[in-house]
Amino acid sequence: MVENAPATASSTAAETLARPDHDVVIIGAGVCGIYQLYRLLQMDLNVTVLEAGEDVGGTWYWNRYPGARFDSESWSYGYSFSQEVLDEWSWSEHFAAQPETLSYLQFVVDKFDLKPHMQFGCTVDRVVWNEGDRAWSIHLADGRTLTTRFLLTAIGLLSAPMMPRIEGVEDFNGQAFHTYHWPKEPIDLTDKRVGIIGTGATGVQVIGAIADKVGSLTVFQRRPNWCAPLHNSKISEEEMAEIRSRYDEIFARCAETPGGFVHGPVDERFFETERAERLALWEELYDSPGFGIWLGNYREVLMDETANAEFNEFMADKIRQRVKDPSVAEKLIPKDHGFGVQRVPMETNYYEAYNRDNVELVDIGETPIERITAEGLRTTDREFEFDILIYATGFDAITGAFDRIDFVGVDDLKLREKWDNDPISYLGMGVSGFPNLITLAGPTSGSVSTNFPRGIELAVDWGTALIRHAIDNDITRIEVTPEAEERWMEHVRDMYGMLLLRNARSWFTGYNANFTRERRPRHMIYAGGNPRYRKKLAEEASAGYPGFRFE
Ligand SMILES: Cc1cc2nc3c(=O)[nH]c(=O)nc-3n(C[C@H](O)[C@H](O)[C@H](O)COP(=O)(O)OP(=O)(O)OC[C@H]3O[C@@H](n4cnc5c(N)ncnc54)[C@H](O)[C@@H]3O)c2cc1C
């Protein structure tokens, strides 16, 4: 076998192998799976999507909790691949709420008639590489088995919800939900005594949305986050027309910023500006919509401890100004990490919620929760009684959905075991020992650290071209080389080294307080920015995929 050369020997040609049921199987029908399906159908392949949920949407199908909405500008989040979709769809808010985003994805699926190629209510439990047939066997929870030449994962970066490690969860007599599993039917919160555990991006959205609708709200906070105002607003018809006329410009802007957003770091250098100038920029960013305050700041805020510390003080003062009770304000100011080294929750009325008489903040760093009880919960300090308990405890991010599938590769290699120390891959797109598997939005891919659709359109187009290359050249087996993987991971580690997030206890480093065992810090995302990632993908493709072995 010659590396990177299409096989010509008839013994490896596609027609001599047992034909699997499908050319391609995609797992997941979210933003990623939808677009991947669209692309593969254009190639006239026999492809199906397997989805655990009962309908399309992924993140936007599952997360129906009050306050669930974009942090990305809606018009920068939508797909860019179809002019018709851009022309026909109107966003009603700059940061759309979950129902609107779900409608958008349903609109795209209907427009391209994608549903007939999707199967719902099927959870993939196990996938096994069959070397003899050069195919994957896919075992579903309903007992069925499918086979496919290529397997593509579109299983989500935030799709494996985590419950807290607290005893007694089953004992509670009231209604209890993890935010990911918020019911489809409306929940009446009026006059209810509600407890919420978790103050990450989700908890912050929920708290801001329900504080004035419930009887009482008790917030259990383990560690505060640096939150920034979202400043959402409606989009009028005229404004939507104006946005539509600028789509080329918007997507060009997203393509040049590290995060794939319209926000990119300012050109000025932190240490070359006067403090008054810095404060003026920060006031402007604080009053502006979206992630500008995180991604449109001085680069040094995310890279240098001194710059970061000065900005932390600015943000801490904002919290002190907005929260009336100084002792509550102090509890809401993070002390264990700097601004922006963890995912920044965007908020609407979050800090003001704590000024309400019906809202109480409980610092479970000081008084930990001992257990959930039939009536509510008990901390080391007190008993609490609730009608509704909300678990806003987030996700086993990025690798969680992979770990929940038993991936068995060459020589019975398990992906879970291979990734135990660090989720090693090449370009975040493939893993040695797991042939014909493309891990769209896998760990260390650019998509997981960007305005998602901007990253995923890139990844899907790249993966599609790789499959096209294989099919056109009668290649039936593609596998990442261990050398390519090693080189890539070295680069990934170097990119982490540039940013303060390398020290964070967050999902960027694979940290989750609810894991049952301590894990070493891991490299979960590509921190080198979207333009650099795009260049890496393009170089690999134009060089004929030197990081892969083809047979
Ligand atoms: C509340 C919330 C808000 C967010 N806001 C933003 C934002 O503003 N901007 C942004 O860029 N990103 C945001 N994200 C990230 C968001 O996850 C991505 O933008 C995007 O929706 C991910 O799409 P996906 O298709 O890769 O994965 P998902 O949307 O997570 O879809 C994956 C699908 O795979 C299915 N699946 C997983 N495992 C299996 C299995 N074993 N068998 C069968 N099916 C399976 C799941 O059921 C799910 O439907 C947000 C995430 C959350 C949770």
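Student: Is C254 buried or exposed in this structure?

Tutor: In this predicted model, C254 is buried, with a relative accessibility of 1%. Another cysteine, C227, is buried as well, with a relative accessible area of 3%.

Student: How many disulfides does the structure hold?

Tutor: The general idea comes first. A disulfide is a covalent bond between the sulfur atoms of two cysteines. In this structure the count is 0.

Student: Which residues line the largest cavity?

Tutor: Its lining includes F395, D396, A397 and T399, and also W507, G510, Y511 and N512. F515, R522 and M524 belong to the lining of the largest cavity too. By class, this lining has 6 nonpolar, 3 polar and 2 charged residues.

Student: What is the class composition of the lining of the second largest cavity?

Tutor: That lining has 9 nonpolar residues, 1 polar residue and no charged ones. Among its members are W75, W89 and W91, together with Y79, Y104, Y247 and F251; G78, V85 and L86 also line the second largest cavity. Helices α4 (83-88) and α8 (247-256) each supply at least two residues of this lining.

Student: Let us turn to the pockets. How much space lies in the second largest pocket, and which residues lie nearest its centre?

Tutor: The second largest pocket holds about 340 Å³ of space. Its lining comprises 24 residues, and those nearest the centre are G67, Q205, G208, A209 and T348.

Student: Which element gives the most to the lining of the second largest pocket?

Tutor: Helix α6 gives the most, with 4 residues. At least two residues each come from α5 (98-111), α6 (201-210), β11 (346-347) and α14 (350-353).

Student: How do the residues of that lining divide by class?

Tutor: The lining of the second largest pocket divides into 10 nonpolar, 7 polar and 7 charged residues.

Key: Residues numbered from 1 in each chain as written. Predicted model: local features only at pLDDT ≥ 70, side-chain atom pairs only at ≥ 80, totals over all residues. Heavy atoms only, no water. 1 Å grid on protein atoms, 1.4 Å probe; cavity = no way out; pocket = protein on both sides within 12 Å on 5 of 7 lines; lining within 4 Å. Points joined across faces, edges and corners; volume = space filled by probe spheres on them. Nonpolar A, V, L, I, M, F, W, Y, C, P; charged D, E, K, R; others polar. Disulfide = S-S within 2.5 Å. Buried < 20%, exposed > 50% of the residue type's maximum accessible area, 1.4 Å probe, protein only.
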